[in-house]
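Please open the model in a viewer and keep the sequence panel at hand.

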Amino acid sequence: MRPVRLMKVFITRRIPPEGSAALARAADCEVEQWDSDEPIPREDLEQRMAGAQGLLCLLSDRIDKKLLDAAGANLKVISTMSVGVDHLALDEIKKRGIRVGYTPGVLTDATAELAVSLLLTTCRRLPEAIEEVKNGGWTSWKPLWMCGHGLSQSTVGIVGLGRIGQAIARRLKPFGVRRFLYTGRQPRPQEAAEFQAEFVSTPKLAAESDFIVVACSLTPATRGLCNKDFFQWMKKTAVFVNISRGEVVDQDDLYQALASGQIAAAGLDVTTPEPLPTNHPLLTLKNCVILPHIGSATHRTRNIMSVLAADNLLAGLRGEPMPSELKL
């Protein structure tokens, strides 16, 4: 009896233990992994991908035509441990008949929690306050010192009322938010009803919101959406938060808006590029809080993501329905 030929699978990084264990149990796969927390060099990735039938990648891995060519005709499935898919050359992938798995839904709560944390950290100036304690700036109680902006009785604008946008609104509502506005490709009355959220134009949302949270997907329509005009529409007391994708924001325009006092503050969990260079102008500003893209960074969420990515990969290789397949 001829031995069954194992399917070659390549993983571009160390992933959480539960996902690794799911792949290790797959008797029909030969799993290779880049055994590091840091990205695999591009040349190594192209070499390792040769002849692979399955790829498990991360948001930071650029899967383009050149890499697909290096992989060859055997590649059947790409499973990305992310909700976003803008790192994948989807037209090229579709042309080759490759199936794609992704991980929507499982990181909604963690990302929404981070968005609220970042909003509160930014609007109440927590990094500045912590630094004042450390550097001796805290001398006595002063009525006007370190005052920020509160959520009670405010208007919150959400750009993109999808799963994560709704989860953010759900968490902000108990803070006493008076009014929710949202914008997107089209009205979502059923989803908006829970928050009595009003669908408005982008200029109206920018002009009337005290806090703006960007939670949309990166598309041609949203790339550079938050630019000079957007920030000029905003109130001078408004706080801007982005947890979607860095390229939704024109960072040069954001810097000018923050440095000139056009808007009060900004909190970013995503930037362009990632990581942001340590000499970037935004990092010189006290009214800009920047996090290293940690929206989904809880142990539970990352483990669930890794298991779903592994299950998507294995199902695709076996010709079975994926738990979460991106329909191309």
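Into which domains is the protein chain divided? In this predicted model, domain 1 comprises 7-105 + 300-326, and domain 2 comprises 107-290. Colour the two separately; their centres, taken over C-alpha atoms, lie 33 Å apart.

Next, select the contact between them, to which domain 1 contributes nine residues and domain 2 six residues. About 650 Å² is buried between domain 1 and domain 2, with carbon and sulfur atoms giving 56% of that area. On the domain 1 side, display Asp86, Gly105 and Thr301: these lose the most area to domain 2, together 59% of what that side buries.

Now move to helix H12, residues 299-317. Its 19 residues reach 27 Å from first C-alpha to last, close to the 27 Å expected at 1.5 Å a residue. After H12 comes glycine 319, with a positive phi near 75°.

From serine 306, turn to alanine 21: the two are 285 residues apart in sequence, yet their C-alpha atoms are 9.8 Å apart in space. Alanine 21 belongs to helix H1, residues 17-24. Alanine 21 counts as partly exposed because its relative accessibility is 29%.

Finally, select residues 9-326, which an unreviewed UniProt entry annotates as "domain: D-isomer specific 2-hydroxyacid dehydrogenase catalytic". Over this range the chain is 35% helix and 15% strand, and the end C-alpha atoms are 19 Å apart.

Conventions:
Residues are numbered from 1 along each chain as its sequence is written. This is a predicted model: local features need pLDDT of at least 70, side-chain atom pairs count only at pLDDT 80 or more; totals for chains, interfaces and linings use all residues. Side-chain values use heavy atoms; hydrogens and water are left out. UniProt positions are given in the numbering used here, feature names are shortened, and annotations may be inferred rather than shown by experiment. Helices (H or I, at least four residues) and strands (E, at least two) are DSSP runs, numbered from the N terminus. The expected span of a helix is 1.5 Å times one less than its number of residues. Buried means under 20% relative accessible area, exposed over 50%, partly exposed in between (1.4 Å probe, protein chains only). Domain bounds come from an automatic or database domain assignment. Contact means heavy atoms within 4.5 Å. Buried area is the accessible area (1.4 Å probe) that two parts lose on being put together, summed over both.
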